Amino acid sequence: MKKFVLFLFSLGMFFLLGILGISLSTKGILMDTADGLVKNEIKNNMVKVVEESTNEAIPSEVVKKIEKELENNASIKKMMSKYYDQLMEVLTTDKNELSIDISKEVKTLIDENEAILKEYGITLSESDKQQILDLVSSEELNKVVNENIEEIKNNLSTDTKIVLDGYRFLTGDTFKGIIISVILVFIVLICLLKKNYYGWLFNFSIASFFIGNFYVVISLVTNAIIQDSLQESGITISIDSLSMYGYILVGLAVMAFVIYSVFKKRKEEIHQHTLAVEG
């Protein structure tokens, strides 16, 4: 009976760690994908404007350098994260206005990549820069986005609103706190059943190892399928946040098992020493 109860607690941790991974990764997946789309659009617009002004094709190595510079820039992702939270609030509450201004971030990206262009004798004029900025005009973008959001919000069905509310809750801090709290309760109960302070490490390591590897494999397979099917479109859907969660869990599983083994060995050594002394 005791082993069966411990199995149920381990199974519970397995499912809770899986749910926590989805809750933690969903926003990251959306943000990584949106980040890639925005940066790809900026790159394409920059290349288009420069080629039109110089009447020459930009060398492929320059385009690759620009792509790398954009990939290493985190400002767009931070901006998208902020507007994601605002968007969810607008769709699920009475708030109606979504204030968007990406001109600062885009201007920074243009300035950073201008240095790369200069290395190859390509100079962006002020009118070129303005043309690129105009393509992502904050005022126009804000107007278009707000109009579309207002239309979407007005046409949302009751069921869709319920789904959005549920989604916002499931990816929110409160839900994550509940999941982590229940996992901690399982850990305490395992400690009480095993009558030691380290026994939970074994159960946690098993649950973490399997769910971690599951997410890593799923991420690798999904990435391969997605990239193969979307390669020609230039669109990138990133699920790196889910695979990262999987790798972290596998690392925690190994660490927990090593610590458990050390504690168990130490307890056995103390037990053997006690028997020797009493003998």
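Colleague: Where in the chain is the place of Lys-195?

Modeller: Lys-195 sits in the loop between α8 and α9; helices (H or I, at least four residues) and strands (E, at least two) are DSSP runs, numbered from the N terminus. This is a predicted model, in which local features need pLDDT of at least 70 and side-chain atom pairs count only at pLDDT 80 or more, while totals for chains, interfaces and linings use all residues. Residues are numbered from 1 along each chain as its sequence is written, and side-chain values use heavy atoms, with hydrogens and water left out.

Colleague: Why does Lys-195 count as exposed?

Modeller: Its relative accessibility is 73%. Exposed means over 50% relative accessible area, buried under 20% and partly exposed in between (1.4 Å probe, protein chains only), so Lys-195 counts as exposed. Its phi is near 60°, a positive value in a residue other than glycine, and the position comes just after α8.

Colleague: How many helices and strands does the secondary structure of the chain come to?

Modeller: The chain has 10 helices and 0 strands. Of its 279 residues, 38% count as buried. Among contacts (heavy atoms within 4.5 Å) with a separation of 6 or more, 81% join residues 24 or more positions apart.

Colleague: How do you know that the span of α8 agrees with what it should be?

Modeller: The expected span is 1.5 Å times one less than the number of residues. For the 22 residues of α8 this should give 32 Å, and the end C-alpha atoms are 31 Å apart, which agrees. Helix α2 (residues 60-71) has 12 residues and reaches 16 Å from its first C-alpha to its last, close to the 16 Å expected.

Colleague: Why are the buried residues of α2 said to line one face of the helix?

Modeller: The buried residues of α2 are Val-62, Val-63, Ile-66 and Leu-70. Seen down the axis, they fall within an arc of 100°, so they line one face; the arc is that of the directions from the helix axis to the C-beta atoms. Lys-64, Lys-68 and Glu-71 are exposed on the other side of α2. An α-helix has 3.6 residues a turn, so residues three or four places apart point the same way.

Colleague: Which residues of α8 are buried?

Modeller: They are Phe-175, Lys-176, Ile-179, Ile-183, Phe-186, Ile-187, Ile-190 and Cys-191. These cover an arc of only 165° around the axis, which puts them on the same side of α8. On the other side, Asp-173, Thr-174 and Leu-192 are exposed.

Colleague: Which residues touch the most other members of the largest nonpolar core?

Modeller: A nonpolar core is a set of buried Ala, Val, Leu, Ile, Met, Phe, Trp, Tyr and Cys residues joined through side-chain atoms within 4.5 Å. Of the 26 residues in the largest core, Met-13, Leu-17, Ile-179, Ile-183 and Tyr-245 touch the most other members. Helices α1 (2-54), α8 (173-194), α9 and α10 each supply at least two residues of this core. Leaving aside residues up to four places away in sequence, Met-13 touches residues including Ile-183, Phe-186 and Phe-204.

Colleague: What makes the pair of Phe-14 and Phe-15 edge-to-face?

Modeller: The structure holds 14 aromatic pairs. Their ring centres are 5.4 Å apart and the planes stand at 85° for Phe-14 and Phe-15, so this pair is edge-to-face. Rings of Phe, Tyr and Trp (its six-membered ring) pair if their centres lie within 6.5 Å; planes under 30 degrees apart count as stacked, over 60 as edge-to-face and the rest as tilted. Phe-214 and Tyr-215, at 5.6 Å and 50°, form a tilted pair. Tyr-215 is buried at 6%, whereas Phe-214 is partly exposed at 44%. Ring pairs also link Tyr-197, Tyr-198, Phe-202, Phe-257, Tyr-260 and Phe-263 into a cluster.

Colleague: How do you know that Ser-205 counts as buried?

Modeller: Ser-205 has a relative accessibility of 4%, so this residue counts as buried. Ser-205 belongs to helix α9 (residues 200-230). A polar atom of its side chain lies 2.7 Å from the backbone oxygen of Phe-202. Leaving aside neighbours within four places in sequence, Ser-205 is in contact with Ala-253, Ala-256 and Phe-257.

Colleague: What makes Ser-238 count as buried?

Modeller: The relative accessibility of Ser-238 is 10%, so this residue counts as buried. Ser-238 lies in the loop between α9 and α10 (240-278). Although 203 residues separate Ser-238 from Asp-35 in sequence, the two are 9.5 Å apart in space, C-alpha to C-alpha.

Technical notes. A polar contact is a pair of N or O atoms within 3.5 Å; within protein, one must be able to donate a hydrogen and the other to accept it, and residues adjacent in sequence count only if both atoms are side-chain atoms.
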